[in-house]
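Hi,

Here is the structure we talked about handing over.

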Amino acid sequence: MLVLLRHAKAERPAAAPDAERPLTARGHADAAAAGAWLGHGGYLPNAVVCSPAKRTRQTWHDVALGMAAPPIRPLGAATGQGRSGTADPTTTTGGGAVPAVRYDQRIYHGGAADLLDLVRGTDPEASTLLLIGHNPTISELSTLLDPVHADPDGLRTSGIVIHRIEGDWTEVRAQAGPIVKWHTARG
């Protein structure tokens, strides 16, 4: 599976360079909600490639926290005190290790073909790749993989689209990654 995620809602400070724009409070909540959705849906990545921009790094951090969160239980269903036994998001998610993230400038500066090259370079042992990036490029990659079902308006902030990838990562090509599911996370 290839999971494409547009970064969460970011601030627009006038004086800061674009690459240093941080997430808003809503952005942090939405990114954690994206992680929880991925975790509860069984879309846990074992490889992550992320833009080095501040807002995408923060998005990944919050997604990892959201993936590691325990399932939500109804009030009164908990039997113990506190959250002892809760997974540390830096070491586990849903019983597995949180993948090491790789930051790549091509996600920030490149086009859809550059992102496709990144996908093709994924570790062959990885079954699910999470790619965290920016519009318009992340949406253009989704359209390149499935031009029929991709959203013509593109991914919104904290938007997730999941593409089914058949065969090896090295063989991924245009129009060969059908969309399985999409979601816009809101916290």
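The axes of helix 4 (residues 112-120) and helix 5 come within 8 Å and cross at roughly 70°. Axes here are lines fitted to C-alpha atoms, for helices over the stretch in contact, and angles run from 0 to 180 degrees between N-to-C directions. Helix 4 and helix 5 are therefore roughly perpendicular to each other (65 to 115 degrees; under 35 is roughly parallel, over 145 roughly antiparallel, the rest oblique). On the helix 4 side, Ala112, Leu115, Leu116 and Val119 make the contact. They meet Thr137, Ile138, Glu140, Leu141, Leu144 and Leu145 of helix 5. Contact means heavy atoms within 4.5 Å. By class, this contact has 8 nonpolar, 1 polar and 1 charged residues. Ala, Val, Leu, Ile, Met, Phe, Trp, Tyr, Cys and Pro count as nonpolar, Asp, Glu, Lys and Arg as charged, and the others, Gly among them, as polar.

A word on the source: this is a predicted model, where local features need pLDDT of at least 70, side-chain atom pairs count only at pLDDT 80 or more, and totals for chains, interfaces and linings use all residues. Residues are numbered from 1 along each chain as its sequence is written, and side-chain values use heavy atoms, with hydrogens and water left out.

Now the overall layout. The protein has 5 helices and 6 strands. From the N terminus, the order is β-α-β-α-β-α-α-β-α-β-β. Both kinds of element are DSSP runs numbered from the N terminus: helices are H or I with at least four residues, strands E with at least two. Of the 187 residues, 43% count as buried. Buried means under 20% relative accessible area, exposed over 50%, partly exposed in between (1.4 Å probe, protein chains only).

The 6 strands form an open sheet in the order 3-2-4-1-5-6, with mixed pairing. Strand 3 (101-103) and strand 6 (179-184) stand at the edges with a single partner strand each, so one side of each has no neighbour in the sheet. Neighbouring strands are turned by 15° against each other on average, direction ignored. Two strands pair if DSSP finds at least two bridges between them.

Which strands pair with strand 4 in the parallel sense? Strand 1 does, over 5 bridges, and strand 2 (residues 47-50) does, over 4 bridges. Leu2 has Leu129 as its bridge partner in strand 4. Val48 stands opposite Leu130. All 5 of the 5 residues of strand 4 are buried, so strand 4 is largely enclosed by the rest of the structure. Leu129, Leu131 and Gly133 point one way, Leu130 and Ile132 the other.

Strand 1 (residues 2-6) also pairs with strand 5 (residues 159-163), in the antiparallel sense over 4 bridges. There, Leu2 stands opposite His163. Helix 1 (residues 25-41) packs on the sheet and touches strand 1, strand 5 and strand 6. Its direction makes about 25° with that of strand 5. Helix 5 (residues 137-145) lies across strand 1, strand 4 (129-133), strand 5 and strand 6, at about 150° to strand 1.

Arg26 counts as partly exposed, at 40% relative accessibility. Leaving aside neighbours within four places in sequence, Arg26 is in contact with Lys9, Thr157 and Arg186. The C-alpha atoms of Arg26 and Lys9 are separated by 6.7 Å, and the two residues are 17 residues apart along the chain.

Best wishes
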